[in-house]
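Colleague: Please pick one part of this model and go through it closely. I would like to hear how it is packed and what surrounds it.

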Amino acid sequence: MATAATPSRTVLERFPAGHPRGSWPADEYADAQRAQGTDAHVVMDLASDQFLVVAPATAQ
């Protein structure tokens, strides 16, 4: 049984999921990072109840 390898990622910033604006602060931060050339995107970490802005590990 083959399993897919999990790509290595770097967490650039963390935002609480309970924020009144939801994921917007994380989305805005990721947009700013992309404008600077970093391949950033937002993921939800259910274990910590946070939105994470992540990029490939080699992007920093």
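**The helix and its sheet**

Modeller: Helix α1 lies across β1, β2 and β3, running at about 145° to β1. Axes are lines fitted to C-alpha atoms, for helices over the stretch in contact, and angles run from 0 to 180 degrees between N-to-C directions. Contact means heavy atoms within 4.5 Å. Helices (H or I, at least four residues) and strands (E, at least two) are DSSP runs, numbered from the N terminus.

This is a predicted model, where local features need pLDDT of at least 70, side-chain atom pairs count only at pLDDT 80 or more, and totals for chains, interfaces and linings use all residues. Residues are numbered from 1 along each chain as its sequence is written, and side-chain values use heavy atoms, with hydrogens and water left out.

Start with the length. Helix α1 has twelve residues, 24–35, and at 1.5 Å a residue should span 16 Å. The expected span is 1.5 Å times one less than the number of residues. The end C-alpha atoms of α1 are 16 Å apart, which agrees.

Now the packing. Pro 25, Ala 26, Ala 30 and Gln 33 of α1 are buried. They cover an arc of only 135° around the axis, which puts them on the same side of α1. The arc is that of the directions from the helix axis to the C-beta atoms. On the other side of α1, Trp 24 and Ala 35 are exposed. Buried means under 20% relative accessible area, exposed over 50%, partly exposed in between (1.4 Å probe, protein chains only). An α-helix has 3.6 residues a turn, so residues three or four places apart point the same way.

What lies over the buried side? The cover of the buried residues of α1 includes β1 (9–16), β2 (41–45) and β3 (50–56). These strands form an open sheet in the order β1-β3-β2, with antiparallel pairing. β1 and β2 stand at the edges with a single partner strand each, so one side of each has no neighbour in the sheet. From one strand to the next, the twist averages 35°. β2 and β3 pair over five bridges; strands pair if DSSP finds at least two bridges between them. Asp 45 has Gln 50, in β3, as its bridge partner.

Lastly, the way out of the helix. Gly 37 follows α1, with a positive phi near 100°.
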